[in-house]
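Please open the model in your viewer and keep the selection panel at hand.

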Amino acid sequence: MPIGHRIKEVLKINYATHTTGGVAAGLLASSYLLGAITPQSLPIFGAIMVGSTLGSLLPDIDHGKSYISGKLPIIGMIVSAIFKHRGVLHTPLINIAWVAILLASYKSFIPADLWSIAYYVIISVGIGYLSHLILDTCNVQGIMWLYPISSKRFHILGITTGSIFEKIFATLLVVIIIYIFSKEYVSYAVNYLK
């Protein structure tokens, strides 16, 4: 397989794994934040799921060939020219900082009738971002969890991007999603429909 096709395939797998992690994080967050889905909480549930899925992709804006950079090419080109992949943008400090800034300021640029939705989107993007960092900690390269105190990279599993182990790990995430979804939401839907 030519190297260009191999890079695309690895990035596609990485994108799929992070998206799956974002969905799992969103389901866990919505279970915690909402308890159960009701017709009244459906917009908040949607905001949480969209936010966590988007957040799970955002750290890779520092890689010019990532899925998110492909969707936002000008931003991706600028960010990847400034920041090294799995560098500063792959740290908890950046996630905490941008979530704090947005939470402190969103009411000044979002219409008042959307404040509740915006709040949950911001929180869940942060949760999805965190899921990305956790998944990258499973990668052999790891991330700098203690930045700026230390630039030491931490990793726990040593999974190589695009390997069979990543595929197995992503499959386990899907099983977790199905379990969470069925446990939290299917039983509620059955009871709701009675």
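pLDDT is the predictor's confidence in each residue, on a scale from 0 to 100. Colour the protein chain by it: the average is 85, and 87% of the residues score at least 70. Then select residues 4–12, where pLDDT stays under 50 and where the model has 8 contacts (heavy atoms within 4.5 Å) beyond four places in sequence. This is a predicted model, in which local features need pLDDT of at least 70 and side-chain atom pairs count only at pLDDT 80 or more, while totals for chains, interfaces and linings use all residues. Residues are numbered from 1 along each chain as its sequence is written, and side-chain values use heavy atoms, with hydrogens and water left out.

Next, select helix α2 (residues 42–57) together with helix α6 (residues 115–137); helices are DSSP runs of H or I with at least four residues, numbered from the N terminus. The two pack at an angle of about 35 degrees with their axes 6 Å apart, where axes are lines fitted to C-alpha atoms over the stretch in contact and angles run from 0 to 180 degrees between N-to-C directions. Show side chains at the contact, where residues of α2 including Ala-47, Gly-51 and Gly-55 meet residues of α6, among them Tyr-120, Ser-124 and Gly-128. By class, the residues of this contact are 10 nonpolar, 9 polar and no charged, with Ala, Val, Leu, Ile, Met, Phe, Trp, Tyr, Cys and Pro counted as nonpolar, Asp, Glu, Lys and Arg as charged, and the others, Gly among them, as polar.

Now move to the backbone. Select Tyr-147 and Pro-148, which are joined by a cis peptide bond with omega of about 5 degrees; Pro-148 is found in the loop between α6 and α7. Finally, go to Arg-86, in the loop between α4 (73–82) and α5 (92–105), where phi is positive at about 60 degrees although the residue is not a glycine. As background to both stops, most residues other than glycine have a negative phi, and most peptide bonds are trans.
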